[in-house]
Amino acid sequence: MSSTGGETSKMNSFVKKVKMGKRVEKMMKDKSGTTTGQEIADDDPNKTPEPYTCTGIFEADFTEFCRRNHLKDNEIPAVVIRPKPPGIQPPPDAKSKDSKDSKDASKDPTPDESPDTGSQEDPPPKTYVTKEKYAYFRPVIQVEMENDEKPITVTEIYIRGWKIDLLMVGIFKQCWPTIEKLSVVNLWNVNLSEAVIKEFASFLPQCPNLKTLAIDGTICVEESWALLIGEESLLTSLSLRNNGITDKGAAMIGKALSTVKTCNKNLISLNLSGNKISDIGATSIAQGLRMNRALLSLSLANNNVSNEGAKRLAEVLSRFPLTHEEVVERRKLLSEKGSPDRGLVKSPPPSRRGDNRPGSVRSSSHMDKTDKKRDKSSKKKDGKKGEKEKEDTRSIRSSADGKKDKDDATKGGSKKDDKWKKGGSRTSVVPPTSQPISNASIVADTMTKTKGKKTSSKDKRLPESDSPEMVEAINPLLEQVENMDNQLWIPGNRCMINLNLSRNNITEIGMKSLLLAVQYQITLLNLTPSPALKGILRMSLNGNAVKKTDETFMKLQEVLLTRDPYYKPPEKGEDNQSLAG
């Protein structure tokens with residue numbers, strides 16, 4: 001019986017274990033079903049993600065937007081700090097080295113055995129960094145920061161050798177405007193299309209401090225680079241080197257620089273070196289420089305510019321005649337400028353003014369006053385005694401009121417004088433009156449009011465001549481013109497200070513035109529000196545189709561040498577020493 005009871009107890013325990021196992025399996029299935037349901041819900045592409053607010057940290061924002069656009073982790077370009085060349089370390093001090101060696105010798109008097117060179121490993125090089133296989137060819141975004149420990153201080157972004165499509169530029173559109181200190185973007189060989197350039201041009205003005213843009217080694221079939229320097233552009237420096245720009249792209253860039261009615265007022269430096277611009281493109285750019293007074297530096301180096309393009313550029317730098325469209329626009333500007341000069345209060349000619357009227361001529365108001373006085377005198381004579389008494393009482397009251405008015409006026413005048421003393425010398429504001437007031441009378445009144453007043457030390461201010469004055473940008477169409485051969489000629493562009501025409505096809509003929517332009521600017525500067533209009537200070541002409549021994553080329557180099565701001569004339573002592581040697 002005991003054996004049978006033990007068998008039954010074993011069977012019962014086995015059954016319990018089987019039931020518990022089934023329960024555990026059921027629970028695991030339920031849990032796995034819920035987790036798979038959550039994963040399916042998370043991976044649902046139709047589910048709209050929550051809106052993401054940028055933090056200003058480029059790496060975090062860029063990675064998050066890439067994931068939201070369904071890019072895998074291995075497809076997201078890495079954001080790394082741009083490598084810098086190693087700094088030159090100062091040589092060790094010989095004294096400190098000797099003292100260190102002596103200390104080591106005193107500590108260990110026994111000479112060390114020669115170390116085994118094969119057992120020691122050489123330290124890693126410091127001039128370059130090794131990477132994994134094919135890691136160099138993966139897309140990477142290089143950044144520079146003000147402080148490497150603070151990722152929010154990104155100032156420059158560099159992209160090298162991978163295509164930027166609409167998806168990627170859309171991510172940049174969301175990230176870059178939130179980077180406060182971003183000032184430089186440098187792209188090289190990124191294969192942009194016209195749609196991508198349009199997208200760049202739409203959001204680059206939203207970047208508050210982005211002023212420098214370089215897109216080099218990138219060919220765009222449509223050549224729509226002019227969109228980057230539109231009217232809303234805030235760029236001050238644009239580099240488009242080695243982009244295969246032809247005369248088609250140069251024509252659009254020239255129109256973006258300026259037309260008769262529009263002008264780019266922010267771009268200071270434009271680099272178009274290494275392209276395919278010929279005389280036609282150079283003429284288009286020269287056309288854009290006619291009304292542009294903001295560009296300071298232009299580079300057309302290593303292009304196909306010859307004598308005709310050099311002539312057009314020299315004409316813009318010296319002087320040129322206005323076209324019919326420019327003459328019409330000039331007349332419009334002059335009429336708009338003259339309308340506010342007429343004044344809000346139109347004063348009549350001097351013959352109608354009361355101040356300059358002769359004594360024999362009387363105004364209509366004066367005649368009316370005399371007529372009224374005559375009528376009053378006749379009424380007083382013909383009136384009764386009661387009326388005379390009423391007039392006497394009225395006159396007494398009016399005299400008393402007049403005394404009060406005089407007292408109030410003197411009190412009010414003293415208060416006004418105190419206000420003028422507190423406020424210092426100010427310009428008088430004359431209220432509009434029905435009668436015209438001459439400027440001479442206003443000046444006389446102000447002189448008599450301020451005469452005899454003492455100014456305290458607090459009221460002493462700088463004279464108007466000593467205060468700094470802002471130089472207003474004048475429209476080129478409003479400058480002084482010369483009428484020659486039934487044409488209106490205006491001075492050329494004297495705001496540009498640097499022009500690079502090296503490695504082109506300019507011969508002696510083009511050099512003569514450039515020499516005349518520089519000489520004209522020098523003579524005009526001597527006649528009418530201006531601190532803001534210095535003219536060409538530096539012109540690079542090496543590598544053209546002219547010999548260095550050419551007379552015109554040598555003379556042009558001599559003239560430009562004296563205008564170079566970094567030029568230092570040799571001293572007399574140095575010349576004598578060189579001659580003596």
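On a 1 Å grid over the protein atoms alone, a cavity is a set of points where a 1.4 Å probe fits but cannot get out. A search of this whole structure turns up 1 cavity of 30 Å³ or more. The model is predicted, so to speak of its local features takes a pLDDT of at least 70, side-chain atom pairs count only at pLDDT 80 or more, and totals for chains, interfaces and linings use all residues. Residues are numbered from 1 along each chain as its sequence is written, and side-chain values use heavy atoms, with hydrogens and water left out.

**The chain overall**
- The chain has 15 helices and 13 strands (DSSP runs numbered from the N terminus: H or I of at least four residues for helices, E of at least two for strands).
- Of its 581 residues, 28% count as buried, meaning under 20% relative accessible area with a 1.4 Å probe, protein chains only.
- Take the contacts (heavy atoms within 4.5 Å) with a separation of 6 or more: 79% of them join residues 24 or more positions apart.

**The cavity**
- The largest cavity holds about 40 Å³ of space, a volume being the space filled by probe spheres set on the points, which are joined across faces, edges and corners.
- Its lining (residues with an atom within 4 Å of a point) consists of Ile-57, Phe-58, Glu-59, Val-79, Val-143, Met-145, Pro-151 and Val-154.
- Both α2 (58-68) and β2 (140-145) supply at least two of the lining residues.

**The nonpolar cores**
- A nonpolar core is a set of buried Ala, Val, Leu, Ile, Met, Phe, Trp, Tyr and Cys residues joined through side-chain atoms within 4.5 Å.
- The largest one has 81 residues, and Phe-58, Phe-62, Ile-164, Phe-172, Trp-176 and Phe-200 touch the most other members.
- A second, separate core of 7 residues includes Met-291, Phe-320, Leu-477 and Ile-490.
- Setting aside neighbours within four places in sequence, Phe-172 contacts Phe-58, Phe-62 and Phe-200, among others.

**Helix α7**
- Helix α7 (residues 279-288) is mostly covered, with 7 of its 10 residues buried.
- Among those buried residues are Asp-279, Ser-284 and Ile-285.
- The cover over them includes α6 (247-257), β8 (297-299) and α8 (307-318).

**Ser-224**
- Ser-224 sits in the loop between β5 (212-216) and β6 (237-239).
- Ser-224 counts as buried because its relative accessibility is 5%.
- Beyond neighbours within four places in sequence, Ser-224 is in contact with Glu-194, Ile-197 and Met-252.
- Met-252 is 28 residues away from Ser-224 along the chain, yet their C-alpha atoms are separated by 7.6 Å.

Conventions: On a 1 Å grid over the protein atoms alone, a cavity is a set of points where a 1.4 Å probe fits but cannot get out, and a pocket is an open set with protein on both sides within 12 Å along at least five of seven lines; lining residues have an atom within 4 Å of a point. Buried means under 20% relative accessible area, exposed over 50%, partly exposed in between (1.4 Å probe, protein chains only).
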